[in-house]
Amino acid sequence: MNNPAIYSDGLANSIQDSPLRTQQKMLGALKNMGGDATSAATQTVTTVTAVAAQILAANTSRKFLTLQNTGTQEVFVKFGSNPTVSPKSFAFILKPATAVNGGDGGVLSLQTYTGSVHAVTASGNSDVAITQF
């Protein structure tokens, strides 16, 4: 007889969902946010420079957006138009990672924002990982 796999976190009487049930719950949550269970994330990495530029175009279908600074320079972010460092005209600063692709750079997550995203560094370059669905 085949025994089913039981997922546990090591605590007495604790059973976690299987990876498939977890995925189904995530897709259900996406549907509750106005998406559909077949929505797929779009992931890109873009290099931000000291010249302000659009890093993500407007998308009326976007339900969720996450930006993470994976480079070693601060990234200044503004919505709808280019940011400037001086004079100060930006909405957020994504802190730099301690090392390139270190995983500890600043993160910005937004629900329901469908407009364009622009970014700039004070100097040098920094990569930003972008995920949207």
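Which residue in E7 does Phe79 stand opposite? Phe79 stands opposite Val117 in E7. The model is a predicted one, in which local features need pLDDT of at least 70 and side-chain atom pairs count only at pLDDT 80 or more, while totals for chains, interfaces and linings use all residues. Residues are numbered from 1 along each chain as its sequence is written, and side-chain values use heavy atoms, with hydrogens and water left out.

**Overall composition**

The secondary structure of the protein chain comes to one helix and eight strands; helices (H or I, at least four residues) and strands (E, at least two) are DSSP runs, numbered from the N terminus. From the N terminus on, the order of elements is α-β-β-β-β-β-β-β-β. Of the 133 residues in the protein chain, 24% are buried, where buried means under 20% relative accessible area, exposed over 50%, and partly exposed in between (1.4 Å probe, protein chains only). The protein chain exposes about 8300 Å², of which carbon and sulfur atoms supply 53%; these areas come from the Shrake-Rupley method with a 1.4 Å probe. Among contacts (heavy atoms within 4.5 Å) between residues at least 6 apart in sequence, 76% join residues at least 24 apart.

Strands E1 and E8 (residues 126–132) run antiparallel and are joined by seven bridges. Within this pairing, Thr42 has Gln132 in E8 as its bridge partner.

Strand E4 (residues 75–79) runs antiparallel to strand E7 (residues 117–120), and four bridges join them.

**Aromatic cluster**

The structure holds four aromatic pairs. Rings of Phe, Tyr and Trp (its six-membered ring) pair if their centres lie within 6.5 Å; planes under 30 degrees apart count as stacked, over 60 as edge-to-face and the rest as tilted. Two of the pairs involve Phe79 and are listed below.

| Pair | Centre to centre | Angle between planes | Class |
|---|---|---|---|
| Phe79 and Phe92 | 5.9 Å | 70 degrees | edge-to-face |
| Phe79 and Tyr113 | 4.8 Å | 55 degrees | tilted |

Phe79 in strand E4 and Phe92 in strand E5 are 13 residues apart, and their pair links distant parts of the chain. Tyr113, in the loop between E6 and E7, is 34 residues apart from Phe79. Together, Phe79, Phe92 and Tyr113 form one aromatic cluster. Phe79 counts as partly exposed because its relative accessibility is 24%. Phe92 is partly exposed at 35%, and Tyr113 is partly exposed at 23%.

**A loop residue**

Asn101 lies in the loop between strand E5 (92–94) and E6. Asn101 counts as exposed because its relative accessibility is 57%. The C-alpha atoms of Asn101 and Asn69 are separated by 8.5 Å, with the two residues 32 apart along the chain.

Conventions: Two strands pair if DSSP finds at least two bridges between them.
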